Amino acid sequence: MIEVNNVTKYFRTGFFGIKKNAVANLSLLIEKGKVTGFFGPNGAGKSTTIKMIVGLIKPSKGSIKINGYDSTDHRSRHKMGFLPENPGFPRGLKAAEVMNYYANILGIKSRTGNIERVLKLTGIHYAKDLQIHKYSKGMTQRLALSVSLLGDPEILILDEPLSGLDPIGRKEFKDIIIDLKKLKKTIFFSSHILADSKQICDKIALIVKGRLLKDENVSLMQIDADKFYQDIDKTADTEYKDALEEYLYNLMLKNK
Ligand SMILES: Nc1ncnc2c1ncn2[C@@H]1O[C@H](COP(=O)(O)OP(=O)(O)OP(=O)(O)O)[C@@H](O)[C@H]1O
Ligand SMILES: [Mg+2]
């Protein structure tokens, strides 16, 4: 279980170093064995929250506990896999070499078996001997997911796992998440697209301008997701972001 307790994160910006909240007073419970989706527009604070959960940055205020350990304590990450927002790998290496490298760092025994299993699960096994700089965005995303799955972690923190994937890739990734859900993994993933909550999430959380809007059961949220689609269907692509933001704001006002 992950408890985000009243967390604020500010960054100092500009010449005068003025504090700007990226995340404000955020409390969230990510339950064990469940899939929680974390949705919000660009700049909402999703990646900042995720970076705090995985211990890359510290909260300015508040605390995060993972299975009882503070996020600043390395023990909090022992059973955790992480897919970063923009995964990158050294040029020239092949996927199998990258996997071997990470498996080595993680101290994974019986590396070959573990790597083969994970690469098959993410559907990138066929390209394991291809150099990474020849990978497409979707292939890189699959490799990054493979890395996060090494060592069979109990908790998976995925920052936009579906970004850059084509519709088939999105469906396949969702199926992987559904399979991991059956294995009772605790999964927390971010996305811009509320529709990603359909089928896969047990819970969702919505964040806009650093503030949480709602943390609810999907069954309750489903109605809102449908309404969202009705609204978005009327909107041209270029206005997509504005429509999403407006929708989330309306939700926030409703839930005040
Ligand atoms: N290192 C930093 N220094 C200053 N400001 C930052 C820093 N990191 C994030 N921010 C600001 O914090 C806010 C939240 O950013 P964050 O990356 O968490 O958003 P996000 O929800 O992940 O957006 P996206 O959907 O575009 O990935 C933004 O206004 C961003 O400019
Ligand atoms: Mg982000």
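A: The largest nonpolar core has 54 residues, and those with the most contacts inside it are Ile157, Leu206 and Ile207. Such a core is a set of buried Ala, Val, Leu, Ile, Met, Phe, Trp, Tyr and Cys residues joined through C-beta atoms within 7 Å. A residue is buried if 20 or more other C-beta atoms lie within 10 Å of its own, exposed if 12 or fewer, and partly exposed in between, with C-beta atoms placed from the backbone. Helix α4 (residues 137-149) gives the most to this core, namely six residues. At least three core residues come from each of domain 1 (1-79 + 154-221) and domain 2 (88-153), the bounds being those of an automatic or database domain assignment.

The model is a predicted one, in which local features need pLDDT of at least 70, side-chain atom pairs count only at pLDDT 80 or more, and totals for chains, interfaces and linings use all residues. Residues are numbered from 1 along each chain as its sequence is written, while chains are lettered from A and ligands numbered from 1 in the order in which they are written.

Apart from neighbours within four places in sequence, Ile207 is in contact with Phe38, Gly40, Ala44, Gly45, Lys46, Leu212 and Leu213; contact requires C-beta atoms, placed from the backbone, within 7 Å.

Helix α3 (residues 111-121) has Ile115, Val118 and Leu119 buried. Seen down the axis of α3, these buried residues fall within an arc of 100 degrees, so they line one face of the helix; the arc is that of the directions from the helix axis to the C-beta atoms. They pack against α2 (95-105) and α4. Just after α3, Gly123 takes a positive phi of about 75 degrees. Helices (H or I, at least four residues) and strands (E, at least two) are DSSP runs, numbered from the N terminus.

In the chain as a whole there are seven helices and 10 strands, and buried residues make up 36% of its 256 residues.

The mean pLDDT of the chain is 83, and 83% of its residues reach 70 or more, pLDDT being the predictor's confidence in each residue, from 0 to 100. Over residues 219-223 the pLDDT is below 50, and this stretch has three contacts in the model beyond near neighbours in sequence. Where pLDDT is low, the predicted coordinates should not be read in detail.

Note on methods
Two residues are in contact if their C-beta atoms, placed from the backbone, lie within 7 Å.
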